[in-house]
Amino acid sequence: IIGDVCHAGKMDYVFRTYRPDIVFHAAAYKHVIFVEQNPEEGVRNNIFGTRNVAQIARQYQAEKFVLISTDKAVQATSVYGATKKMAELLVQELASEGPTDFVNVRFGNVLRSRGSAVPFFEQQIDNGGPLTLSHPDVERYFMSIHEAVHHHRLGNRRARRHAWVQRGKGVLEDHLHAAAVSTQHAAACR
């Protein structure tokens, strides 16, 4: 099924027709540069699209809703990170109502995945450098594909409360801590 998460009618049709028990919501504009250049689209898709899907999941009493978020939502410094943080807060608010369990899962760069920054850094090293970072104090978060799958599975097992799953362990919202790998030496639906 192909559809726009901001199109409430399409999302209603999908939920009414297929009645999913578990929803993994990963639809988002994920590239920081594109969202910085098109902030209204980032807000429309990442915030309002998430709201649509989460509300419809609750309306159709899905057992679980797992929002796939990003490490960039922690102390967001970009439009992308801010839109994902807002999406997390929307999901957290919905967690207090209704039968659906809501979970946020944060990912960093998944090593060996399409879109990971690591191959880009490796290419820069192979070419003799320098490494291009967006800021001298930048930190990037990395995880293996195995850890990413573990996050999905752990997020799916969380029950009856709003929880965050991050870097291989479950943490409650007010105890967010992520393991970081420094790269200073080595990126409106209405």
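**From one residue to the chain**

Colleague: In which strand is the place of Thr 70?

Modeller: This is a predicted model, in which local features need pLDDT of at least 70 and side-chain atom pairs count only at pLDDT 80 or more, while totals for chains, interfaces and linings use all residues. Residues are numbered from 1 along each chain as its sequence is written, and side-chain values use heavy atoms, with hydrogens and water left out. Helices (H or I, at least four residues) and strands (E, at least two) are DSSP runs, numbered from the N terminus. Thr 70 has its place in strand β2.

Colleague: Does Thr 70 count as buried or exposed?

Modeller: Buried means under 20% relative accessible area and exposed over 50%, with partly exposed in between, for a 1.4 Å probe and protein chains only. The relative accessibility of Thr 70 is 4%, and therefore this residue counts as buried.

Colleague: Which residues does Thr 70 touch, if those up to four places away in sequence are not counted?

Modeller: Contact here means heavy atoms within 4.5 Å. Although Glu 88 is 18 residues from Thr 70 along the chain, their C-alpha atoms are separated by 9.7 Å. With residues up to four places away in sequence left out, Thr 70 touches Tyr 80, Lys 84, Glu 88, Arg 106 and Phe 107.

Colleague: Which residue in β3 is the bridge partner of Thr 70?

Modeller: Two strands pair if DSSP finds at least two bridges between them, and β2 and β3, which run parallel, are joined by 7 bridges. Along this pairing Leu 67 stands opposite Asn 104 in β3. The bridge partner of Thr 70 in β3 is Phe 107.

Colleague: What is the handedness of the β-α-β unit made by β2, α4 and β3?

Modeller: A crossover is right-handed if, with the strands pointing away from the viewer, the path from the first strand over the helix to the second runs clockwise. The unit made by β2, α4 and β3 is right-handed.

Colleague: How many of the residues of β3 are buried?

Modeller: In a regular strand the side chains alternate between the two faces of the sheet. From β3, Asp 101, Val 103, Val 105 and Phe 107 point one way and Phe 102, Asn 104 and Arg 106 the other way, yet all are buried. For β3 (residues 101-107), the number of buried residues is therefore, under the 20% cut-off, 7 of 7.

Colleague: Which residues form the uncovered face of β1?

Modeller: β1 runs parallel to β2 and is joined to it by 4 bridges. Val 23 stands opposite Phe 65 in β2, and Ile 22 has Lys 64 as its bridge partner there. Val 23 and His 25 make up the covered face of β1, whereas the uncovered one consists of Ile 22 and Phe 24.

Colleague: What arc do the buried residues of α5 cover around the axis?

Modeller: In helix α5 (residues 118-126) the buried residues are Val 118, Phe 121 and Gln 124. They lie on the same side of α5, because the arc they cover, taken from the directions from the helix axis to the C-beta atoms, is only 120°.

Colleague: What is the relative accessible area of Gln 61?

Modeller: Gln 61 is placed in the loop between α3 and β2, and its phi is near 55°, a positive value in a residue other than glycine. Gln 61 is exposed, with a relative accessible area of 57%.
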